[in-house]
Amino acid sequence: MFSRNNLCRHPGLHRRYHEMRPETREPDERLDALPRLGQPGSRFFDPVVSPMADAAFSILERSYPPLAGRPVGERGPGDPEVLARGVEMLARRYGAVDVGVARTAPHHWYSHAGRHAEGWGEPIEPDHPTAIVLVVAMDFHTIRMAPSAPVLAESSRQYVEAAKIAHVVAEYLALAGHEARAHVDGRYQVLCAPLAQDAGLGHVGRIGILMHRRYGPCVRLSVVTTTAELPLTTGDHRYMEDFCRICGKCADNCPSRSIAHGGPPVSRGFAHWSVDQESCYAFWRRTGTDCSVCIASCPFTKPDSAIHRLIRAAIRRNPLNRRLALLGDDLFYGRKLRLRPENPDLDELASRWKIPV
Ligand code: SF4
Ligand code: SF4
């Protein structure tokens, strides 16, 4: 969706894309008539908060090409176990809440570059055997303000944090003599969610994004691919998919009805859930934020407190506990999320963000 959306800045490429995918021309024309994301004219535009996201995305855009990438020395540990330990310590020190390592496979890579005019349509070479997945957590209380302006400020902030960590980790690996590439917002050559699942960090659920083992879908991801062979991490979180089958809370709450009820449909040859990207993104453009109502309403989106750790351990154990946990979530948090009718005022937001006034 973002690649298609970006093409409207490049009419020649847009025309070529619509010749290849004529079914996308009409929805794209409808999208073009809506305000750009987070701009004046959208429902939750706020002249103070909305440009915070613009600033974050602009910095992300300008962080590429990064300085790191090619091996520049042999200053790191040669032992893969020790190198992996250094990577994890570095990533966590910079703010990652979780780090995993997976072996890359062909299905983890995009086939062609599509987001930017430069190199558009060129095939992507799956050239690195190892992927380090970096997880940052979004602020639970801000995401519960969905779909108002602060959610976009928060998600863009965490895209910047995830990118910062990925760039530093890539530089660290380059110093140790390995090729490394940071995959950050707008510059992914790999799909983060399946890599995170294969690294044992969580499971892809009904919303089609990663549900992290501690923070649920309330996270942002970046990846560093590298030629370094590092020990892999593992974890089986299929119980989350079982939970999705009985839950469906995101589907009940989605304001644009972009999330399917029922079991995962078969598409592209395998059973998996994914949201209707066109209707979801059209809602974002009308709203002026990245909505996040599905993330806010998900029972796995909770602070990482002792009580929620206990409930997650129970959910993991058996189907009966999953039903009881869902019942409890509906009772305590409500089946339907109360949507914010308007943006919070700056004093409320400052207090949420713990900013002294
Ligand atoms: S972001 Fe909003 S519109 Fe999109 S799928 Fe989630 S709830 Fe629905
Ligand atoms: S709200 Fe329920 S169905 Fe949707 S992703 Fe979360 S656990 Fe799965």
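By class, how many residues of the shell around ligand 2 are nonpolar, polar and charged? The shell has nine nonpolar, one polar and two charged residues, where Ala, Val, Leu, Ile, Met, Phe, Trp, Tyr, Cys and Pro count as nonpolar, Asp, Glu, Lys and Arg as charged, and the others, Gly among them, as polar.

This is a predicted model, in which local features need pLDDT of at least 70 and side-chain atom pairs count only at pLDDT 80 or more, while totals for chains, interfaces and linings use all residues. Residues are numbered from 1 along each chain as its sequence is written, chains are lettered from A and ligands numbered from 1 in the order in which they are written, and side-chain values use heavy atoms, with hydrogens and water left out.

**Ligand 2**

Select R206, I207, M211, F243, C244, C247, G248, K249, C250, C298, P299 and F300, which surround ligand 2; a residue is near a molecule if one of its heavy atoms lies within 4 Å of it. Helices α9 (238–247) and α10 (249–253) each supply at least two residues of this shell, and α9 gives the largest share, three residues. Helices here are DSSP runs (H or I, at least four residues) and strands likewise (E, at least two), numbered from the N terminus. Colour by domain next: ligand 2 lies between domain 2 (44–226) and domain 3 (238–335), because both give residues to its shell. The domain bounds come from an automatic or database domain assignment.

Stay here and show the rings of F243 and F300. Their centres are 5.0 Å apart and their planes at 65 degrees, so the pair is edge-to-face. Rings of Phe, Tyr and Trp (its six-membered ring) pair if their centres lie within 6.5 Å; planes under 30 degrees apart count as stacked, over 60 as edge-to-face and the rest as tilted. F243 sits in helix α9 and F300 in the loop between α12 and α13 (306–317), 57 residues apart. F243 is buried at 2% relative accessibility, and F300 is buried at 3%. Buried means under 20% relative accessible area, exposed over 50% and partly exposed in between (1.4 Å probe, protein chains only).

**Ligand 1**

Move to ligand 1 and select C254, P255, S256, I259, V275, C280, F283, W284, C291, S292, V293 and C294. Two elements give two or more residues to this shell, α11 (277–287) and α12 (293–297). The most come from α11, with three residues. The shell divides into 10 nonpolar, two polar and no charged residues.

W284 also belongs to a cluster with F2 and Y281, linked by ring pairs.

**Backbone stops**

Most residues other than glycine have a negative phi, and most peptide bonds are trans. C291, in the loop between α11 and α12, has a positive phi of about 55 degrees although it is not a glycine. C291 is buried, with a relative accessible area of 7%. R257, in the loop between α10 and β7 (266–267), has a positive phi of about 50 degrees, but R257 is exposed at 75%.

Go next to the peptide bond from A146 to P147, which is cis, with omega near 0 degrees. P147 is in the loop between α6 and α7.
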